[in-house]
Amino acid sequence: MSDIEERVKKIVVEHLGVEETKIQSDSKFIDDLGADSLDTVELVMAFEEEFGCEIPDDAAEKIVTLKDAVTYLSANSN
Amino acid sequence: MRRVVVTGLGTINPLGNNVKSSWNSLINSKSGISKITNFEVDNYPCKIAGSIDNAKINDEIVSLRDQRKVDRFITLGLIAADEAIKDSGFVSENEKSFRSGVMVGSGIGGLDTIYRNSSILDNQGLRKISPFFIPSSLINLLSGHISIKYNLKGPNSSPVTACATGTHAIGDSFTIIKNNKADVMVCGGAEAAICPLGISGFSAARALCDTFNDQPEKGSRPWDKDRSGFVMGEGAGVLVLEELEHAKKRNANIYGEIKGYGMSGDAFHITKPSEDGNGGYRAMEMALQESRLNSDQIEYVNAHGTSTPVGDMIELFAVEKLLGNKNLCMSSNKSAIGHLLGAAGAVEAIFSFKSIETKTLPPTLNLDKPDTKSSINLIPHTSISKSVNNIISNSFGFGGTNASLVFGI
């Protein structure tokens, strides 16, 4: 597991209160991990904080799984 | 005519995190007032309050993750609601859910959440504002959360009448059931304003006690000559109100009945009560009329009694004028728990029903030198054993809003 994936997973565990073992790379935050739409806004804010970047709204809307987040942050984080 | 009874009680307050423990502490003359420790109070004129220890907040009822997404007043309200609903044994399901509502208010709501997000906006910018900021601080979101958690799809609202909120919530719920718009109402109030903005705001209004910082438990002293203002408390009180036949049909435990509800406005001043006590008098009179009781049938008054120099005497005067003073008892729970603002009337209603149930009237603590020659028994220092059938409970709020309820068996 990459460093970025590990950090993203840690944030998801903290914010959604799910067990780490239940998170697969294609788990959807809303459909599979019990998040609601406000949770996903907060998740994106936490990614921005952790990775020191700004995620525009149109990009944020496309981040629906752990894999989406890792892919985006690998390409865009500082 | 539809009659309304109480079938569930729940509270978390400075004396305990449930009805049983807080009632036992209350009648054993324990004080819930202590030095404020959740923020630095060195520069504050008032350094004392009735705070709830975080360790007493049961995270099996509201998980730590969920607590992070709501203001503290919502957490406290959810804890009290859980106890009350479980105590009532009522399960809201199918069509019943449409006839079961929620009316839990707050005087101020998410004040500390608003304060924190305001600082974030100023210091870190708008992208750092939490998406949960608005839903965590809006007052009616407590009623919303309770409805979602317990499937209550009937009337849903939240009164906001400062320190009269809890009493208005119960009275308005009583009226809703009486008028056949619901069979069950989960009602009450919650407050969590012991925060920098809350204490500084009430201090600026010269409303808080500032003379007993070294002896916190002596700060709240209704009707005593040395009183200097109220001591703020936090917490929540929730009651389950139910139409009498509905409660009987499911063999519910009935604590007592809501017999009357009165309301009035002073039309006088934004923070001071009307000097002749006429507003409080008319609220009590209206409640008494609806109850169809005579004034001499009221045996105990659970007073608003905040420990402010002006308010205590005005209430005493209004009570004497309406009810006389023969064999009448009156005490203030605020002497032990402080003033829970929007939750006060609800917690005091719960203690009123415990007074009826246990035949015990709670004391007014710190009433060392009564500032009155009234012959009403203000129950100084220690509780008394007395069987009472009918009680009036009063709440008065900033803005000149007054509410009174008649409880009985």
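The conversation below takes the terms in turn.

Modeller: This is a predicted model, in which local features need pLDDT of at least 70 and side-chain atom pairs count only at pLDDT 80 or more, while totals for chains, interfaces and linings use all residues. Residues are numbered from 1 along each chain as its sequence is written, and chains are lettered from A and ligands numbered from 1 in the order in which they are written.

Biologist: How do you know what pLDDT chain B averages?

Modeller: The pLDDT is the predictor's confidence in each residue, from 0 to 100, and chain B averages 97, with 100% of the residues scoring at least 70. For the complex, the predictor gives an ipTM of 0.85 and a pTM of 0.96.

Biologist: What makes a stretch of chain A a helix, and how many helices and strands does chain A have?

Modeller: Helices (H or I, at least four residues) and strands (E, at least two) are DSSP runs, numbered from the N terminus; chain A comes to 4 helices and 0 strands, in the pattern α-α-α-α along the sequence.

Biologist: Why does the radius of gyration of chain A agree with a compact globule?

Modeller: The radius is taken over C-alpha atoms, and the globule rule is 2.2 Å times the number of residues to the power 0.38. For 78 residues the rule gives a value near 12 Å, and chain A has 11 Å, so the two agree.

Biologist: What makes a residue of chain A buried, and what percentage count as such?

Modeller: A residue is buried if 20 or more other C-beta atoms lie within 10 Å of its own, exposed if 12 or fewer, and partly exposed in between, with C-beta atoms placed from the backbone; by that test, 29% of the 78 residues of chain A count as buried.

Biologist: How do you know which residues of domain 1 and domain 2 of chain B are in contact?

Modeller: The domain bounds come from an automatic or database domain assignment, which for chain B gives domain 1 (4-249) and domain 2 (260-408). Two residues are in contact if their C-beta atoms, placed from the backbone, lie within 7 Å, and 62 residues of domain 1 of chain B meet 58 residues of domain 2 of chain B in this way. On the domain 1 side, α7(B) gives the most, with 9 residues.

Biologist: How many residues does each chain give to the contact between chain A and chain B?

Modeller: That contact takes 5 residues from chain B and 4 residues from chain A.
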